[in-house]
Amino acid sequence: MTRFSSEVDVAVVGAGAAGIAAARRVAAAKSVSVVVLEARERAGGRTWTMEKNGYPLDLGGEWLHSADRNVLTAIAEGHGFALYHRRPDWTTRIRNSGASLAEQQAWIAARETYRETRHQAACAAEDRPCSALLPPCGRWNTLLNASSTWGNAVELDKISVKDNERYEDSEVNWRVRRGYGALLATLAAPLPIVFGAPVSRIEHRGTDIVIDSARGRVRARKIIVAVPTDILAAEAIAFDPVLPAKLAAADGLPLGLADKLFFSFTGRMDDLDTDGDIFLVGSTTRLETMSYQVRPFGRPIIQCFFGGEFAARMEREGFAAMAAFATDELAALRGGVIRKELTPLAASSWRADPFARGSYSYARPGHADDRAVLAAPIDDRLFFAGEATSPNFFSTVHGAFESGVRAAEEALASLR
Ligand SMILES: Cc1cc2nc3c(=O)[nH]c(=O)nc-3n(C[C@H](O)[C@H](O)[C@H](O)COP(=O)(O)OP(=O)(O)OC[C@H]3O[C@@H](n4cnc5c(N)ncnc54)[C@H](O)[C@@H]3O)c2cc1C
C-alpha cells in the first residue's frame, strides 16, 4: 500500500505470523481501524518462502508442528493450500547415516532417558540448564546437544529446563506444499500493511500513542508490538517512557540461531528410500554437523539444517563455506560421486538479518516465566505478541499466530 492513515485505533508493529494474525483479527472487528508497520518490503518475517528452480524453499518456518492442534492447519486448507501429511521420522537420521541397529536402539533409549529426566527436573524448585541433565561422558550427549541446536536453535547449556519442558509437541508434523511462507504472504495480502517502515520510537506518554517509522508518524489509541525479542532487547525500538520489565524479559528470551542451506540434487538415494524425504545426519560425535533432508516432497533438492554456535560460525564464513562444509559431510556419508550431483541454491543468514537478528527464542535458565512478563499488556493500551510470548508453542509459527490473536482480543476488549 502507498497511502495510509496516520491516525488509527490500532497500530500493529511487525507483519510476521503474530502481526498478521493480530491485524486479521482487528480488521475483522467492525468499525475499528488498523494499520501494520513492517520494516521489510515483504510480510511473513521469519517464515519466508523463496522460489528457486521452480521449487518453493522455506528459508525459515516450514513445519506445521503439532499439526493436529495447529491453528494454521485449518486456515491453510481453507485457503486452498495443500498439506503434505507424510510425517518425518527424525529417528531414522542415524540409521541412514550408517549406525548399526544396536546404536539406533541406544540412541533412542538415551533420548527417552533425557526427556524423562527433564520432565522430573522441571518439577524442582530451582531451574537449571538442560545440559545439567546429561549423563557424565554419555555416548549420545553430543548428538543430544546437536539436536538441541536444531530444535531449540541453541546448545543445551544455555536453555532453561522449566521452559523447555513447557513446550507442547504432539509430534504430528506436516508441511505446506507451496511453502509456509507463501501461506503467510497470502494471509497478509488483504491487510493494510505499510512496507519499508521500520519503527524507531513508540511514545506512550499522552492520550495517543505516537509511533515514528521510516514512512512517517502514526497516532494510535492502542498498539500491538509483534517484533522479535532481540529487536526489543537491543532497544532498536525506543519506548518512551522506557519499559524496563519488557527489556529484561526480552533479554531473558533471546533468539537462538538455526539456518538452512539448499542444494539442487540430481542424484538419488534409492538404497535408503524411494519416496523422498530421507533424513541424514553428518556426524553423531561432532557438535559441528548438519542435519540433511534429501528430496523433500520427492523434489530434486537437499536441504541442510544447522544451528547454535556452529551456525553463527557458518554465517560469518559465508555461503561458499556453508556449501563446502555440507558437500564434504555428504561425500563422507555417500561417497565422492555426490559432489557432482550438488549445486548450491540458497541459504539463510538469520543472525545477520537486521529485522530478525536470530531464529527463534529460548529461555535462559531461571527465565521461564519471562514469557508471561513479555506477553502482559501495559496500561491496557500496549499489547505484545510474537512467538516468544507463547507459553506452550514458543519458537513456532502457530505459537506466534496464536499470540497475535490473543493480543488483538486484548486490544479490542480495551476499546470496548
Ligand atoms: C531456520 C528456521 C526454521 C524454522 N522452522 C520452523 C518450523 O519448521 N516450524 C515452525 O512452526 N516454526 C519454525 N521456525 C520459527 C518461526 O519461523 C518463527 O517462530 C515465527 O515465524 C515468528 O513469527 P513472529 O511473528 O513472532 O516474528 P517474525 O516472523 O520475526 O515477525 C516480526 C516482524 O517484525 C518486523 N520488524 C522487526 N523490527 C521491526 C521494526 N523496528 N519496525 C517494524 N517492523 C519490524 C520483521 O521484519 C518481521 O516481519 C523457524 C525459524 C527459522 C529461522
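Predicted model: local features only at pLDDT ≥ 70, side-chain atom pairs only at ≥ 80, totals over all residues.
Biologist: How many helices and strands does the protein have?
Modeller: There are 13 helices and 18 strands. Both are DSSP runs numbered from the N terminus: helices are H or I with at least four residues, strands are E with at least two.

Biologist: Which domains are assigned?
Modeller: Domain 1 is 7-47 + 59-82 + 175-254 + 365-415, and domain 2 is 92-171 + 258-347. The bounds come from an automatic or database domain assignment.

Biologist: How many residues of domain 1 are in contact with domain 2?
Modeller: 14 residues of domain 1 are in contact with 14 residues of domain 2. Contact means that the C-beta atoms, placed from the backbone, lie within 7 Å. The C-alpha centres of the two domains lie 30 Å apart.

Biologist: New topic. Where does the ligand lie?
Modeller: The ligand lies between domain 1 and domain 2, because both give residues to the shell around it.

Biologist: Which residues come nearest to the ligand?
Modeller: Gly14, Gly16, Gly45, Gly61 and Thr396, out of 43 residues around the ligand. A residue counts as near if its C-beta atom, placed from the backbone, lies within 6 Å.

Biologist: And which elements give two or more residues to that shell?
Modeller: Helix 1 (17-28), strand 13 (258-265) and helix 13 (397-415).

Biologist: Is helix 1 mostly covered or mostly open?
Modeller: Mostly covered, with 10 of its 12 residues buried. Buried means 20 or more other C-beta atoms, placed from the backbone, within 10 Å of the residue's own; exposed means 12 or fewer, and partly exposed is in between. Among the buried ones are Ile20, Arg24 and Val26.

Biologist: What do those buried residues pack against?
Modeller: Strand 1 (7-13), strand 2 (34-37), helix 7 (180-188), strand 11 (216-225) and helix 13.

Biologist: Back to the whole protein. What percentage of the residues is buried?
Modeller: Buried residues make up 48% of the 416 residues.

Biologist: What does the C-alpha trace span?
Modeller: About 65 × 50 × 40 Å along its principal axes.

Conventions
Residues numbered from 1 in each chain as written. Contact = placed C-beta atoms within 7 Å.
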